[in-house]
Amino acid sequence: MKRQLTTALAGALCVVTMNAQPKLSATNIDEVIAAMTLEEKAQLLVGGGNDSFVGSGAMLGHQQKLVAGAAGTTVGIPRLGIPETCVADGPAGVHIDAKRKNDPNDYSATGFPIGTCLASTWNTELVRQVGEAIGNETLEFGVDVILGPGMNLHRSPLCGRNFEYYSEDPFVTGAIGTAMVQGIQSQGVGVSAKHYAVNSQESDRTRVDERVSQRALRELYLRGFEKMVRESQPWTLMSAYNLVNGEYAQGNKDLLTSVLRQDWGFRGIVMTDWIGKRDRLPTEREVAAGNDLLMPGYPAQVEDIVKAVKAGRLDIKDVDRNVRNMLEYIVKTPRFKGYKYTSKPDMKVHAAITRQSANEGIVLLKNNGALPWNVALQSAALDQRSLATNGAQEGRLQGKNPQPIKTVALFGVNSYDFFSGGLGSGAVNVPYVVDMVQGLKNIGVSTTPTLTEIYSRYVPYARAKLKADKNPMMWFLDQGQPKLDEIEITDRCVAHEVKEADAAIITIGRQAGEGMDRQIEGEFNLSQREKDMIFRVSDAFHAAGKPVIVIINSGSVMETASWRDRADAILVAWQPGMEGGNSVADVLTGRVCPSGRLTMTWPIAATDHPSTQNFPQGYDAYTFNEMLGWGSPIKGRDYTSHDEDIYVGYRYFDTFRREVAYPFGYGLSYTTFGYSNLKVKNIKDGQVEVSVTVKNTGTVSGKEVAQVYVTAPKGTLEKPAQELKAFAKTRELKPGESQQLVMTIPVRDLASFDEAGSQWLADGGQYTFRVGASSRDIRLTAAAKVSRYTEQVSNALAPRQPLNLLKQ
Ligand code: BGC
């Protein structure tokens, strides 16, 4: 009897304990929240970093838990069946350690093309495929969320992280971002779209106040995020370090809750960018504002949350809301589902996707007939099968360059140290990078022996020297390939090379990354050594009747106007991923007909951008200013005024008719295209349909990007001269072949943000639809009447104090 009683009691106790310890499933989230202690709830809202995450390390993942080299983890609560999850950078591939302690295996990941290169494809289907491949590597390396895509706008050509972002235009940003998120998330892993919002500069990014009008915010800086959130429901978003109009983005409820969740319907989690406990922003404000996860996470933040709830400074309802969001995220993760990852994604397949996507992102800026090369005469080394299937080969012999190119003199250190991607968290630990020597070799073109030897010996020396000389402030140089100094190219050296080569290639590399912006001198502009190299090489090669091709291996824009006359062809290869040299060679030979188009204006001078006058220039200046002006806010460091307001990029250059080096949307092809049959009609549900026929009128196969710019009638609000509202890329068209492109524009997309009425407003009237090959190459226009459209939204994000912008 006694024994029976004991057993019954034990059973009852067991039931009680079981009730208090439900194991997390997709259907018992309420029950789990009810079973959690306050301490457990607080812990779930703070990442699994620790107090050693200080200084620069706090801003870059070097996590050893779960997956070595990942950026961070969330904390598990085993008694409730809540696993840890793992997040890794992004965005150009999975950023994890390639080597692990006491482990002979290699965990290198594929280096895909950087953001600007992918966006320059204007091919959302291709970007989706890249997303699928990145998602697959995320899954197979045991990571739950990849920290990307980067969705900030190229407000200034000097921003150090433009390479991770897509464009100066919010529509392109939203369209490419949507494709990327859909591709990645189709693999059952998540993204963290970043940095929300207005992280437009790297200098003093953790304390700069971005002062920007409510209209520019809604219409430009948030609009790409909005499109992507509405169309792809990212699992997570990352809140930015900077302030927006006097308030930290990470403490800004308007941004993180009113706009993001209430206006746009975001259902994922918001995690902070990697700063841990902030000096001037109380933890409870971050939690209440709508950051579900504080990263990388400090134990002190857990205590802060517990204390704030107990002291009544933080509502437990806010904590529970965030905990629910976290649990809803966790049940979706591969780690929760027990996915058995292999750490062995199919790198060969992904290398092919990398090569192909970079092929389409490369932009041909100039071509006087030097390209494509006459490879038909040296076809022995070519892969005939890929030529035949590509279709781009017809007419290759009709270029103005009939001489076969057998040997090339390769100048510029980046010909030999080709940049796959950028620096900092955006870098990927890749297994290899195909440089130009290898890329040319693979198409049967050799490089001149002396020059190749000089540079090949120089590169390892310069790498070692850079390591020894490195400024410890530049911690991010350890991540990725930092820029090595150019070597001086003398007239004698060139005179020697010109005799041995059929053509010269000069690669001009630019590197940038998180934590630092670019300088005008030597970074946007050429350095003296680079200028000398271009001038000496072009003098000698042109005197011998031999072509000079410049390859720009940079994540973003640079100066071209002062030297472009010296080049017969200029290719912007961007940082095209680890297959770089092969991707460039494909375009040089015409195996691929270039179809990349610029997603940002290339100005003549950096100062032509109105944002430049409000853009910080150089850290030394700050230290000096800081000494002199301690106490008073310093422009560019403590605040940045967006005086240009909505006139960012081509919106400025086209409205105020300023000359540019290369306009937004620009890019040459080896063929030509005709546009006809433009029709614009109103269709159901407040949508406008634009259709146009594009015909290949040239002699080789190729793809074209039709861009639709819209000019609004004069109305209530001042508007830019034109804005991109749709685009479409053709399939590969054979000579003589046509394709009809049909694009749909929701009338909502024609609206601007009307601050006075807190509404989206499109005035009624005649709109002009201008279709062309760039913002300055409009081929056809048509007008259509559009009825007035308004949509009331919250007045969130109205600046709390007047902004000192130009127009006021
Ligand atoms: C960067 C983020 C990155 C994070 C984790 C931060 O410093 O701004 O883009 O995802 O570090 O490495």
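Visitor: In which strand is Thr85 found?

Guide: Thr85 belongs to strand β2, which runs over residues 85-89. Keep in mind as we go that this is a predicted model.

Visitor: Why is Thr85 called buried?

Guide: The relative accessibility of Thr85 is 0%.

Visitor: What makes the link between the side chains of Thr85 and Thr74 a polar contact?

Guide: The distance there is 2.7 Å, and the cut-off for such a pair of N or O atoms is within 3.5 Å, with one able to donate a hydrogen and the other to accept it. The side chain of Tyr329 also makes a polar contact with the side chain of Thr85, again at 2.7 Å.

Visitor: Which residues is Thr85 in contact with, leaving aside its neighbours within four places in sequence?

Guide: Among them are Leu66, Gly72, Asp144, Ile330, Thr333 and Arg335. The word contact here asks for heavy atoms within 4.5 Å.

Visitor: Let us move to helix α19. Which of its residues are buried?

Guide: In α19, residues 491-500, the buried ones are Cys493, Val494, Glu497 and Val498.

Visitor: How do you know that they are on the same side of α19?

Guide: Around the helix axis they cover an arc of only 130°, and therefore they sit on the same side of α19. The face turned away from that buried side carries Arg492 and Lys499, which are exposed.

Visitor: What covers the buried residues of α19?

Guide: The cover includes strand β11 (407-411) together with the helices α18 (449-469) and α21 (528-543).

Visitor: How many cavities of 30 Å³ or more does a search of the whole structure find?

Guide: It finds seven. The largest cavity has a volume of about 120 Å³. Its lining is made of 15 residues, and the closest to its centre are Pro91, Ala92, Pro149, Tyr166 and Met180. Helices α4 (115-119) and α6 (170-185) each supply at least two residues of that lining.

Visitor: How do the residues of that lining divide into nonpolar, polar and charged?

Guide: Eleven are nonpolar, three are polar and one is charged. Tyr counts as nonpolar in this scheme.

Visitor: And what share of the chain counts as buried?

Guide: Of its 808 residues, 64% do. The chain has 24 helices and 26 strands.

Key. Residues numbered from 1 in each chain as written. Predicted model: local features only at pLDDT ≥ 70, side-chain atom pairs only at ≥ 80, totals over all residues. Heavy atoms only, no water. Helix = DSSP H or I, 4+ residues; strand = E, 2+ residues; numbered from the N terminus. Buried < 20%, exposed > 50% of the residue type's maximum accessible area, 1.4 Å probe, protein only. Arc of directions from axis to C-beta. 1 Å grid on protein atoms, 1.4 Å probe; cavity = no way out; pocket = protein on both sides within 12 Å on 5 of 7 lines; lining within 4 Å. Points joined across faces, edges and corners; volume = space filled by probe spheres on them.
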